[in-house]
Amino acid sequence: MSKKVGILRFLGTNCDQDVWRAVENVELQPEWLWYQDHFSESDYCAFVLPGGFSYGDYLRCGAMAAKMPVMKSLSEAVNKGKPVLGICNGFQILCESGLLPGALIRNHNRHFIDEWVDLDLVSANKYWAGELNECSIPIAHGEGRYYVNEDELKKMEDNGQIWWRYRHNPNGSVSNIAGVMNHKKNVAALMPHPERAMFDWMGSQNGRIFFESLLR
Amino acid sequence: MKVGVKVLPRKEILDTQGRAVESVLHQQGQEGVNCRIGKYIELEVPGQNKEEVSAQVKKMVNNLLYNPLIETYELEFYE
């Protein structure tokens, strides 16, 4: 099996180097995918959309990145069942592209929040983080309030698409949601940054398991 | 033809920007005033046939300019 993990970069992505190091640290092979690229999914075992401020968050966060050529290839990879992880802006891009339900809007308290949060697992994702039941990792976002309407939320809950919940809701997210999955569960995304919690000197190594679990 | 696209956050969505401005308006004595803030996008589209331009603009709006989950839109045509 390929050990290559494609890391998508858009204009304004800025957590790409951190994700590269995280992937490298668990003995996988990171490879850049530029926003104009087309790729063949069979060369990769998984894909990560890192955080940042693609297109300066203009129009709506993630909206323009979601329309870039590389997303066409990513969408084909998703159809073929390849695992995808979206982190922060990557989560926003996946929602805007329609690969995940819902949207991420301005935090209810209007603040940019940069702090450690405690997360509780709701439904496990077999590719990312596995059976890790709870973790403490950092958030850093101004627009991280997850929103879906009640009907869609009910469907997602029934289908086990809620991945993580905040123990203490920092941003006003519907139903304390920090991370979700698509219907097939191969696309998963969260607002917190596992790549910022890889070693004890960073404050925790809870984030390691998100990437290590790909190898299992 | 010039077309304006007025985009507003849906009523059921908490409009944080609108609420911040609203609270300052209230501090200035404008009690009871409601404020919602969206964005206005002005497009210059080649072509003069209103029907064709309208279809083209709607395509752009649906494909990129608004997110139906959280926003509503209205078009304004300048003659």
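In chain B, if we take the contacts with a separation of 6 or more, residues 24 or more positions apart account for 68% of them. Please keep in mind throughout that we are looking at a predicted model. Chain B has two helices and three strands, and, read from the N terminus on, these elements follow the order β-α-β-α-β. The radius of gyration of chain B is 16 Å, well over the 12 Å that the globule rule gives for 79 residues, so chain B is more spread out than a compact globule. Along the principal axes, the C-alpha atoms of chain B fill a box of roughly 45 × 25 × 15 Å, and of the 79 residues in this chain, 13% count as buried.

Let me turn to chain A. Here the secondary structure comes to five helices and eleven strands, and the C-alpha trace spans about 40 × 40 × 35 Å along its principal axes. For 216 residues a compact globule would have a radius of gyration near 17 Å, and the 15 Å of chain A agrees with that. Of those 216 residues, 51% count as buried, and among the contacts in chain A between residues at least 6 apart in sequence, 76% join residues at least 24 apart.

Now the sheet. Nine strands of chain A form an open sheet with mixed pairing, in the order 2-1-3-4-11-10-9-6-7. Its edge strands are strand 2, residues 29-34, and strand 7 of chain A, each of which pairs on one side only. On average, and with direction ignored, neighbouring strands of this sheet are turned by 25 degrees against each other. Within chain A, strand 3 (residues 46-49) and strand 4 (residues 84-87) run parallel and are joined by three bridges; Leu49(A), for instance, has Gly86(A) in strand 4 as its bridge partner. Helix 1 of chain A, residues 16-25, lies across strand 1 (4-9), strand 2 and strand 3 of chain A, and runs at about 175 degrees to strand 1 of chain A.

Which residues touch the most other members of the largest nonpolar core? That core has 71 residues, and the ones in question are Phe91(A), Leu94(A), Val187(A) and Ala189(A). Helix 2 of chain A, residues 69-79, gives the largest share of this core, with five residues. If we leave aside the neighbours within four places in sequence, Val187(A) is in contact with Val78(A), Val84(A), Leu94(A), Leu99(A), Leu100(A), Met181(A) and Asn182(A). As general background, nonpolar side chains tend to be buried together in soluble globular proteins.

Is Glu131(A) buried or exposed? This residue sits in the loop between strand 6 (113-121) and strand 7 (134-141) of chain A, and it counts as exposed because it has 11 C-beta neighbours inside 10 Å, where the cut-off for exposed is 12 or fewer. Between Glu131(A) and Met156(A) there are 19 Å in space, C-alpha to C-alpha, and the two are 25 residues apart in sequence.

Finally, the place where the chains meet. Eight residues of chain B are in contact with nine residues of chain A, and the side of chain B that touches chain A has, by class, six nonpolar, two polar and no charged residues.

Terms used
Residues numbered from 1 in each chain as written. Chains lettered and ligands numbered in written order. Predicted model: local features only at pLDDT ≥ 70, side-chain atom pairs only at ≥ 80, totals over all residues. Contact = placed C-beta atoms within 7 Å. Nonpolar A, V, L, I, M, F, W, Y, C, P; charged D, E, K, R; others polar. Helix = DSSP H or I, 4+ residues; strand = E, 2+ residues; numbered from the N terminus. Rg over C-alpha atoms; globule rule 2.2 N^0.38 Å. Buried ≥ 20, exposed ≤ 12 C-beta atoms within 10 Å, placed from the backbone. Core = buried A, V, L, I, M, F, W, Y, C linked by C-beta atoms within 7 Å. Pairing = 2+ DSSP bridges. Axes fitted to C-alpha atoms, helices over the stretch in contact; angles between N-to-C directions.
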